[in-house]
Amino acid sequence: MKLAVLGGSFNPVHLGHLYLADAAISGFGFDRVLLVPAFRSPFKQGAAAPSPQDRLAMLAASIPGDPRLLIDDCEIRREGVSYTVDTLADIYRRYLPEGRLALILGDDLARDFPRWKKSDQILSMADIIIARRTLADTAEYPYPCRQMQNEAVGISSAQVRELIAQGKHWRYLVPAGARTIIEERGLYGLPDSGPAEDGVPAGDFVSGPGLIIRMEAEARRTLTLSRFLHSRQVAVMTADLCRIFGLDSRAGYLAGIVHDIGKHLGDEELVRLAKTDRLPISAVEKQKPSLLHGRAGAALLKNQYGIRDRDILDAVRFHTTGSGSMGPLAKALYIADKIESSREGVEPGLRDFRGYEGTGEQGLDRLFGKIFTETVAWLRLKKFDLYEGTLRQLERIERGVPR
Ligand code: DGI
Ligand code: FE
Ligand code: FE
């Protein structure tokens, strides 16, 4: 994967940001742009601002169904002043990009770049790409960089904030999802209009009726923000794995975005929903009902959301524990859930999929076996009682039975 990083305050995200990310992908052939909201920018301080969670939420709501754009919240989790030099090192460690990372800078920041913390080190780590943000003529910069031939979209976050505060027109300068959050939460001094009507996914009428878009909105509405961000990382990685192993990557994205949809249900509800699949509740499940969030999630998807695709339902059903009978999509989802790029404590080499391209089902089984045995080893270390289906799957792997 060729990766570019686009940092900023995203306060709020506006169409210019997303336009730049998109232009970078088509202009320079990146596979992906990581959007990295700063916790606190070294240069922008003060001003009563929305919380980092608000800024993340606006971003999360703005890019449904687009697996080329990733949100990485490492700077917010790190807290303190956000320095790009630290972020780049962290991204190398967790994403293992192909070749060098690129760092996209707006031309409004480019002149200041030499003042950034350890800018020399940044230059040694990443290729700088300067994008037009202002309408000024292209300038010369005293460091190696390439210039992007994009149209300047003359929108800035400061301008959006000002328009909102002044009660002027601002709504269509930002993506629909961000607009809904600004309105619901009354950000930037907008009068608070309360939550959206229950059951109506925010922004859905703008985004259209696509199943992925609708389910992504539903996941965003029902999950906590951090659980949603995890789900999105899982969606993107499952889609990647599907592509690598010759499966339907849209099914992979969908399975990933909904896989934890049962995560926040209470124990009673988990048991009630899980029972609708008519299988017994095993001893280990009875003892630890949270293990049922896959089964319960699959029941919700079927009964409440009308999803009938057996592979997707099974993948969600088995994503926590595995089972003795997993199809390829279930394996891909299981893998992604355990090692997605924001999960901490994953040995980086496990995320290296080079060498698996085009290896088909055999390759998938090899990777799945590796991740599954690692996970079981961890569960044993934690002295968890192993779920019965987990043991069946383990036995299959150990005996070399592919499925
Ligand atoms: O839902 P996520 O947090 O993304 O991940 P997950 O669905 O894999 O759930 C992880 C939890 O499930 C973690 O707390 C360990 C637990 N777990 C998974 N398999 C087993 C298990 N716990 C027990 N006791 N036995 C299992 O076989
Ligand atoms: Fe889960
Ligand atoms: Fe998960």
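Predicted model: local features only at pLDDT ≥ 70, side-chain atom pairs only at ≥ 80, totals over all residues.
Let's start with ligand 1.

Now some individual distances. The side chain of K263 has an N or O atom 2.7 Å from an oxygen atom of ligand 1. For K338, an N or O atom of the side chain is 2.8 Å from an oxygen atom of the ligand. H293 also has a polar side-chain atom by a ligand oxygen, and here the distance is 3.1 Å.

How much of ligand 1 does the protein cover? On its own, ligand 1 has 570 Å² of accessible area, and the protein covers 86% of that.

Next, a residue in a strand. V5 is part of strand β1, which runs over residues 3–8. Is V5 buried or exposed? Its relative accessibility is 3%, and the cut-off for buried is under 20%, so V5 counts as buried.

Which residues does V5 touch, once its neighbours within four places in sequence are left aside? The contacts are L34, V36, L88, I91, L101, A102, L103 and I104. V33 is worth a mention as well: 28 residues separate V5 and V33 in sequence, but their C-alpha atoms are 5.6 Å apart in space.

To recap: the protein covers 86% of the accessible area of ligand 1, and V5, in strand β1, is buried. That is all from me.

Note on methods. Residues numbered from 1 in each chain as written. Chains lettered and ligands numbered in written order. Heavy atoms only, no water. Polar contact = N/O pair within 3.5 Å; in protein donor to acceptor, adjacent residues only side chain to side chain. Areas by Shrake-Rupley, 256 points an atom, 1.4 Å probe, with all protein chains shown as cover. Helix = DSSP H or I, 4+ residues; strand = E, 2+ residues; numbered from the N terminus. Buried < 20%, exposed > 50% of the residue type's maximum accessible area, 1.4 Å probe, protein only. Contact = heavy atoms within 4.5 Å.
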